[in-house]
Amino acid sequence: MGALTSSPALSPELGIRYLPDETPRPMLPCRLDGTNRAYPARLRTTPAVAARRLFILAGTAAITAAGAVEMYDVLKVGGVTVLEGMVFGLFLVLLAWIAFSFVSSVAGFFVLLRGRPDVLPINSHGPLPGITGRTAMLLPTYNEDQHHLMARLRAMYESVGETGQAPLFDWFLLSDTTDPDIWIAEELAFLELQRNCGSGHLYYRHRSDNTARKSGNIAEWVRRFGGAYDYMIILDADSLMSGETIVRLAGAMEANPQAALIQTLPIVVNARTLISRLQQFSGRLYGPLIAAGNAWWHASEGNYWGHNAIIRVQAFAQEAGLPELRGRKPFGGHILSHDFVEAALMRRAGWGIFMAPDLGGSFEEVPPSLLDFAARDRRWCQGNLQHLAVLPAQGLHWVSRLHLLTGIGSYLTAPLWLLFLLLGILISLQAYFVKPEYFPKGFSLFPTWPAQDPVLAAWVFAATMGLLIVPKLLAYLVLLTRRAERQAFGGGFRVLLAVVAESLLAALIAPSMMIFQSTAVAEILLGRDAGWQVQRRSDGRITRDEVYRKFTVPTLCGLAMAASAYAVSLPLLLWMSPVIIGLVCAIPIGLITSTAPRMARLFATPEDNRAPALLQRARELASLDRIESRAALIELRQNPALLGPHMQSLEAPPRKSGQIDIDLAIARAKIEQSDDFEEAVSSLSAREILAVLKHRHALEQVMRMPRATASADV
C-alpha cells in the first residue's frame, strides 16, 4: 500500500455540531410480571365513561346475539352438522368483530353531529396557548429518500417558526440508515438544511447499532438527551404536522398534567396511485367518524399509533421501556409493534392516554401499491401477534388489553374469513357429492333432509353487509351537515359517487388482502421473521413481473373456489362471485391500483383541492433540485465540509469488548492490501463501507490513501 499522507479533508469544521450536549435520563426495561412502581392510579373511570363503555359492549353483544339466533335458524333445518357448527362458531366471532366497529361508529356519528367533544378538548381555532416546556421533535428514519425527508422537515421547522415559539422546540433527525450511500447523502442534505434554517435547533444523529429498530432508536435518544425536555413529538419519515398543531399539543400537555400521550388523527395526503387515493379518501371521510367514536369511549385509556403524537418524556422514560420477549423470532425478541405496548404500560402506571380527533394539521402518507400495503401489513402482523405475550402482563387496564386484542384480531380475522368461506364450500360439496342418508338407523317416521333456509340466509348476509356499509353512509351524512367541508370535497353528489365507487373497489381488493394476510399469519406461525424492509413511499414503482409473481396465489385461490362452487351449482357460483371475481382478477386489479387512472381523481379530498399552507410549502421544497451526492467514500474525500462533522459525530469504539466486527476486519484487510484510494473503494462491499464509515481510524486510513496515477475524483 502507498504511504499515508496527510489530507486537508481531515480537518473538521468546528463551527458545525450535529448534536447538543447530552442530558441523560434513565430508562430501563419494564417488567411484564409486575409494575415498575407501586403508586396508585392517578385517573379513575367516571360514571359517564363507564356508561359509554357499557353502551359499546352491550350493543355489540345484542347485535351478535341477534345474528346468532338468525344464523342458527338458517342452519337448523336439517340439524346442525359438525361442519355447520364450525361455520356457526366462525360466524359469531366475525359478526362480533363487525358489530363492535359498527357500534363505535354509531357513537362517533352522534359525537360529530353534536360537535362538542368532551374528552380532553383542545381549541383548534382560537389563539395559540402560551407554553413554557421544552419539546423535542423526533424524526426517526431508515434508508429513506433524503430529499423529500428534508423537505418535510424544513416545512415543519418553518411552520413552527411562524408561531413565534420556535426556541422551545429542538429537532432531531434520528437515523438508523444502513445503506452507506444514503447515510452520507443524509448528512449532506442535513448540512444544507442547517445552512438554510440555521443550526441552533436542528440536530442529526446516526445510530451505529440498530438494536430494537424504531423503539430502540427513540429509547436511545431518551437515555442520552431526554433529561433536557418535557415532551417529545414522535414523527414518521412521511409525517407532516403544522406549527399550530404542534404548539397546541404542547399547550394541552401543560394544561393536563395527568396526560402522558395525546394522539392526533393523521390525514393521508400526497396520494397518487389509485389504491393510495382510495385510502386517502376513505381515511379522510370515514376516519373522523371512527376516531370520534373511539375517543368518546376510550377516554383516558386511548391508544398510540406510533407517530404524530406528543408524549411526556418523564412518563415514557419511567414506564415505557420495552422488555425483550422470551423465545426466538418471530414471536420472541424485540417488540415490533411497540406503540400499543408503550401506551398500555404508561396507562398501567396511572398516566392518561388521550386522542384528539378534532385537532387538524396532522398528515401522513400511505404505500403506493397493494404489494406495498401487503408488505407493511406483514410487518405489522408479526408485531401485533407478538402482543399475545404482552396480554397476560400484570396491572394492565382492561381497555388497554382490549386494544392489544383488537390489534391481534385485525390480522387473525383474515384467516378466519378464509376458513369461513372454505367451510361453506366444503359443506356445499359434501351435500352435492356425498349421498345423503335420508332414513337414519333405528325407527323414524320422517326422513332427515340435509338443507338450509336460503331465503333467511340471504337476509343474514344482507344484514351483515349492512353493518359494514352503514358507517360509511353515516360519515357521508355528517359531511352533508358541514357545508365548507362538503364544498372542499367537491360537492355532495361527487362524494356520494366516490363512496359507491370506493365500496365496490374495496370489495374487489379485500379478497386479495385476505389471502396476503392469511399467508402472513401462516408464515409467522411457522417461524418466519419479517425482517426490516425499506418502505416505498408515494412515488414507488412496481414491475409487472412482481405483480404477476405476487398475485399468482390469490388468482389460483379464486380459480379453485370458482371450480368448486360451479361443481355444486350455478347459484352457488353467483352467490360467491364477489369474492371469486376479486381473486380471479387479482393481477389486473394489482396493476390498475398501482397506477393513476383518470378515475382516481374522483377520490380527491380537501387537501387535494385546497391544500393547506404546510402541504404547499412541503411540495414546493420537494420540487426544488435535489442535492446530488456521490458514493459515500468518494463524497467524503471530495467534501471536507462534510467529512469534518461526520468525523466529529463518530463514537469511540469500545475497548476490548471481546467482539470482533467481521465487516470492519475484512475492510481493514482490504485497505491494507490496496495501493490507492480507488482500489480500496472498489474492493469494499456495502457492508464493509458501512463499517468503515462508523470507525474513525479506519475512515482516516482510507481518506489518507494516495490517489491512483492519472485519476480524478468522480
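These legends go with a set of close-up views of a predicted model. Local features need pLDDT of at least 70 and side-chain atom pairs count only at pLDDT 80 or more, while totals for chains, interfaces and linings use all residues. Residues are numbered from 1 along each chain as its sequence is written, and side-chain values use heavy atoms, with hydrogens and water left out.

View A. Rings of Phe, Tyr and Trp (its six-membered ring) pair up if their centres lie within 6.5 Å; planes under 30 degrees apart are stacked, over 60 edge-to-face, and the rest tilted. That rule gives 18 aromatic pairs. Y18 comes in the segment before α1 (47–75) and Y204 in strand β3 (residues 202–206), so the pair ties together parts 186 residues apart in sequence. Helices (H or I, at least four residues) and strands (E, at least two) are DSSP runs, numbered from the N terminus. Y18 is buried at 5% relative accessibility, and Y204 is buried too, at 1%. Buried is under 20% relative accessible area, exposed over 50%, and partly exposed in between (1.4 Å probe, protein chains only).

**View B. F100 and W297 bridge two helices.** This pair is also edge-to-face, at 5.7 Å centre to centre and 80° between the planes. F100 belongs to helix α2 (residues 82–114) and W297 to helix α7 (residues 274–298), so parts 197 residues apart in sequence get tied together. Both F100 and W297 are buried.

**View C. Helix α21 and its buried face.** Which residues of α21 (residues 613–623) are buried? They are L614, L615, A618 and L621. The buried residues pack against α3 (146–161), β5 (240–241), β10 (362–364) and α20 (606–609); contact means heavy atoms within 4.5 Å.

**View D. The largest nonpolar core, with 110 residues.** A nonpolar core is a set of buried Ala, Val, Leu, Ile, Met, Phe, Trp, Tyr and Cys residues joined through side-chain atoms within 4.5 Å. Among those with the most contacts inside this one are W171, M232 and L699. Leaving out residues up to four places away in sequence, L699 touches L633, L636, L643, H646, M647, L650, V692 and L693. Another core, of 63 residues, lies apart from it and includes L274, L479, A501 and F551.

Note on methods:
Arc of directions from axis to C-beta.
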